Amino acid sequence: MSVNDAIPAPQSADHLVPHIPGVVFQFYRSHCGKMRFNYLEGGGAALKYIDRQQLALDASQLVRQLTNIDYPKIMSAIERSARWMMPLSTRFRLPFPKGKPHWIAVSAKPEPAVGGVCWNGLMMDITDQVAEESRLRKLCDTDPLTGLPNRRKLMAHLTHLSSLSARHGTPLSIMMLDIDHFKQLNDRWGHLEGDNVLKLLATKTQALLRSEDMVARMGGEEFMVVLPLTPLQQCHKLADRLRDSVACYDFGVGVGQVTLSIGVAEYRCGEPLTNLIERADKALYGAKDIGRDCVCLLP
Ligand SMILES: Nc1nc2c(ncn2[C@@H]2O[C@H](COP(=O)(O)OP(=O)(O)OP(=O)(O)O)[C@@H](O)[C@H]2O)c(=O)[nH]1
C-alpha cells in the first residue's frame, strides 16, 4: 500500500459542509427589506434549533429575536455592507431555547442580486472566545487585592463621564482619598493586616455609594471616587460621611486607628482631566497638611 492510498480522496463541498464547526450561508435582502436565507448548512449547534425551511422563506422573525442591542447593530451592519458593497463582519447573541444565548460571529461578502443584495459567508459560534475576552478584560481593569476597578478602568470611565458632563452641563465631582499614616499601620500590624484594611475600606466605601458611582484603587493606599450628577457641596458632604464612618470603625486594629484624608473637586466644563485630578490631589495634600482625618475642597 502506498502513502497516497492512506489519504482520503477529495470530497465535494456538499459532503464536507455538514461536518465543519460553523455554518455556510447565502443571505438575501431585497431593496424593500425582505430577508431570507437561500442556503444555510453546516455543523454548528445553532442549526439544531433553527427552522431552516422558515428561514428560506423569511428571515425577519429570526432577526427580531435578537436583543435590543444586537438588532439595531446587525441591521446597520447589513445596511452599510449593502450600501458600500463592503464585507459584512459583526457578532451577535443568538437566543438558545435552553441556557444562555450563544455568541455568533458573521463574516460575509456582498454581491448585487436581482432586486437586492446577496451575501455569501460563514457564521461561527464564538461563545467560548467571548467569555475568555471578557475574563481578560476584567483582569486588565481590576485591582487584584480589593477587586475594585483599577486606575486604567477609572480613567476610561472618567473620560466618558466628563464628556457627558460637558455635553449636558451636568455636575461631576471626584474624591481623592488616602489612608493616614498607612506605613505606620503596616509597620505595627504587618502587611497582611494592612492588606485587610485596604480590602475592608474598599467594601465600606462601595457600600456607601450609589450604583452609578465608582470607587477605584489608584495604587498603594490611594483611592478615587467618581460621582456623576453630583455637585461639589454634595460630594463634600458624602466625603465627610465616609471619613466619619471610617474613623468610627474597627478595621481589626482598634477604633480610630484607620483614618482618611480626602480631597474633593468638581469638573469644570471642557477642562482637561489632568486639571481636575490635580485639584483633587492638591485638596488631598491640603487635608494632610491641616492634620489628616479631614476633607478639603477645591472648587
Ligand atoms: N499592606 C499594604 N501596604 C501597601 C500596599 N501598597 C502600598 N502600601 C504601603 O503604604 C505605605 C504608604 O506610605 P506613605 O506613602 O509614606 O504614606 P502614609 O504612611 O500613609 O503617610 P501619609 O499619607 O502622609 O498619611 C507604604 O508603606 C507602602 O508600603 C499594599 O497593597 N498593601
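**Notes on the predicted complex**

1. A friendly start with confidence: the protein has a mean pLDDT of 93, and 97% of its residues reach 70 or more (pLDDT is the predictor's confidence in each residue, from 0 to 100). For the complex, the predictor gives an ipTM of 0.94 and a pTM of 0.77. This is a predicted model, in which local features need pLDDT of at least 70, side-chain atom pairs count only at pLDDT 80 or more, and totals for chains, interfaces and linings use all residues. Residue numbers run from 1 along each chain as its sequence is written.

2. The domain assignment, automatic or from a database, gives domain 1 (3-130) and domain 2 (142-298). Their C-alpha centres lie 48 Å apart.

3. Now the ligand. Of the 16 residues around the ligand, Asp180, Phe182, Lys183, Gly194 and Gly220 come nearest (near means a C-beta atom, placed from the backbone, within 6 Å). Strand 6 (172-179), helix 8 (182-189) and helix 9 (191-208) each supply at least two shell residues, and helix 9 gives the most, with four. Helices (H or I, at least four residues) and strands (E, at least two) are DSSP runs, numbered from the N terminus.

4. Helix 8 and helix 9 also pack together, at an angle of about 130° and with axes 6 Å apart. That makes helix 8 oblique to helix 9, as angles under 35 degrees count as roughly parallel, over 145 as roughly antiparallel, 65 to 115 as roughly perpendicular and the rest as oblique. Axes are lines fitted to C-alpha atoms, for helices over the stretch in contact, and angles run from 0 to 180 degrees between N-to-C directions.
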